[in-house]
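Hi there,

Here is the structure I promised to pass on.

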Amino acid sequence: MKPSELITKINNGEMDRLLKKVYVTDAAVEAQKPRYIKTLQKFTELFDNERDVIILSAPGRTEICGNHTDHNNGKVLAASINLDAIAVAAKNDDNIVREKSEGHGMNIVDLSDLSPSESGYGKSAAMIKGVAAGLKNNGYSVGGFDACTTSDVMGGSGLSSSAAFEVLLGTVISYLYNDGNIDAVTIAKTAQYSENVFFGKPSGLLDQMASSVGTFVTIDFESTQNPVIKKVDFDFSKSGYSLCIVDTHGSHSDLTDDYAAVRGEMEAVAQALGKKVLREIPADEFFKAVPSLVGKVNDRALLRATHFYNENRRVEKAIAALENNDFEAFKQIITDSGLSSFLYNQNVYTPNKPTEQKLSLALCLSQQLLEGKGAWRVHGGGFAGTIQAFVPNEMLEEYRQTMDAVFGDGSCHVLIIRPVGGTRVM
């Protein structure tokens, strides 16, 4: 269908049913329409109105439980959210990808050269090349396309804007050149490959998998080559709660060493016991070995290892609570996860700047408001950035106003758990 035809159908409400499959509520559908129309208009402006286009979407994700477990082959529970990256795309016969993201320059990638290069590290064009290369290496058809994209996944929020973009690219190629038959797990693994090898960022698979698969998803990374992925059957829209992400606007600069230390110290414990990562050591074996580890590794490493083992158990309990429709138990597990991150994983503030504790303040205020009613925890990597809270709907405005008053207007983002991952919308 041509861009002008899609714009007419969107304005007439003929696409509401398709949009609601992705964005869940009528209000969210209405909020999306201007964004879709603007992206279609941009495609017409940059390319033309005579080509048949498709519209695709890939969501950001939120970590629900399993804080800092994936890098030691642990377990995580995540979910896709309503914030997403969308693309208006059409095939071309040039074997070239032309991709224009809102607010950025045009990326032009010649698909005749799909080799990685360090000169591309950190650039969006490298992600495009990496996704194309990964899918081609896996035997899928790859070809040129023109696309306009836009994203409302906040960068630096822990909601994985880069993963959403990578999954979006894989979804575009799946529907334009493979009849939509590339499975979600393959797209996620390809997105991770692109980020690791072409973009130059050594990320795990959590972000891409949650974006690609969609809804609540649990991932067991015991085998990093073949992680066990399972959708969790729970309708969050009927829980009576809202999911809030609070951006405390703390700086992420100079935190690389802090992030690396979490993984490094967990692995130091594993290595002291003759293994590479903690998952290779049974929990009871670790706890029996603690006396012999004192002095061989630092105390914080032992605390972080303790967090790893107990967090894995919490993931299992959180999954069971959702599957049993026991949201009260789920809330307690999430709050316990946050407490463990604060006390034992110690990734709520950097020890290099102990007087700057915006995440600690957000968690403190959340406890004051939500204790006995909701749940709260650090979100993502930690040390700065965002917290997560499950807030009773009747308290939502009070919670939002409190957080916005402290951290600035618009700091509290109310999200929807989206039921689908990377997908063709229309």
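**Phe236 and the cores**

Phe236 touches Phe216, Tyr241, Ser242, Leu243, Phe327, Phe390 and Ile417, leaving out residues up to four places away in sequence; contact here means heavy atoms within 4.5 Å. Before I go on, a word on the source: this is a predicted model, in which local features need pLDDT of at least 70 and side-chain atom pairs count only at pLDDT 80 or more, while totals for chains, interfaces and linings use all residues. Residues are numbered from 1 along each chain as its sequence is written, and side-chain values use heavy atoms, with hydrogens and water left out.

Phe236 also belongs to the largest nonpolar core, which has 59 residues; Leu77, Phe216, Phe236, Phe330 and Phe390 are the ones that touch the most other members. The largest share of this core, 8 residues, is supplied by helix α5 (residues 161–177). A second, separate core has 22 residues, including Ile7, Val22, Val53 and Ile55. By nonpolar core I mean a set of buried Ala, Val, Leu, Ile, Met, Phe, Trp, Tyr and Cys residues joined through side-chain atoms within 4.5 Å. Buried stands for under 20% relative accessible area, exposed for over 50%, and partly exposed for anything in between (1.4 Å probe, protein chains only). As a general background, nonpolar side chains in soluble globular proteins tend to be buried together.

**Helix pairs**

Helices (H or I, at least four residues) and strands (E, at least two) are DSSP runs, numbered from the N terminus. Axes are lines fitted to C-alpha atoms, for helices over the stretch in contact, and angles run from 0 to 180 degrees between N-to-C directions. Angles under 35 degrees count as roughly parallel, over 145 as roughly antiparallel, 65 to 115 as roughly perpendicular and the rest as oblique. A crossing is left-handed if the near helix is turned anticlockwise from the far one by less than a right angle, and right-handed if clockwise.

Helix α2 (residues 16–23) and helix α3 (residues 26–46) have axes that come within 9 Å and cross at roughly 110°, so the two are roughly perpendicular to each other. Their crossing is right-handed. On the α2 side the contact is made by Asp16, Leu19, Lys20 and Tyr23, and α3 contributes residues including Val29, Lys33 and Tyr36.

For helix α4 (residues 124–137) and helix α6 (residues 184–198), the axes come within 8 Å and cross at roughly 130°, which means that α4 is oblique to α6. This crossing, too, is right-handed. Among the α4 residues in the contact are Met127, Val131 and Leu135, and α6 meets them with Thr186, Thr190, Tyr193, Ser194 and Phe198.

Helix α12 (residues 358–370) packs against helix α13 (residues 396–407) at an angle of about 155°, with the axes 11 Å apart, so α12 is roughly antiparallel to α13. α12 passes α13 in a right-handed crossing. Leu369 is found in α12 and is buried, at 16% relative accessible area. Leaving out residues up to four places away in sequence, Leu369 touches Met395, Glu398, Tyr399 and Thr402. From Leu369 to Tyr399 is 30 residues in sequence and 7.2 Å in space, C-alpha to C-alpha.

**Loops**

Gly240 lies in the loop between β7 (228–231) and β8 (241–247) and is partly exposed, with a relative accessible area of 30%. Beyond its neighbours within four places in sequence, Gly240 is in contact with Val391, Pro392 and Asn393.

Asn325, in the loop between α10 (299–323) and α11 (327–345), has a positive phi of about 60° although it is not a glycine. Asn325 is exposed, at 59% relative accessible area. Gln346 is found in the loop between α11 and α12, and its phi is near 55°, again a positive value in a residue other than glycine.

**Cysteines**

How many disulfides does the structure hold? There are 0, a disulfide being a pair of cysteine sulfur atoms within 2.5 Å. The sulfur of Cys244 is too far for a bond because the closest cysteine sulfur, in Cys412, is 3.9 Å away; Cys244 is buried, with a relative accessible area of 0%. For Cys364 the closest cysteine sulfur is also in Cys412, at 16 Å, too far for a bond.

Best wishes
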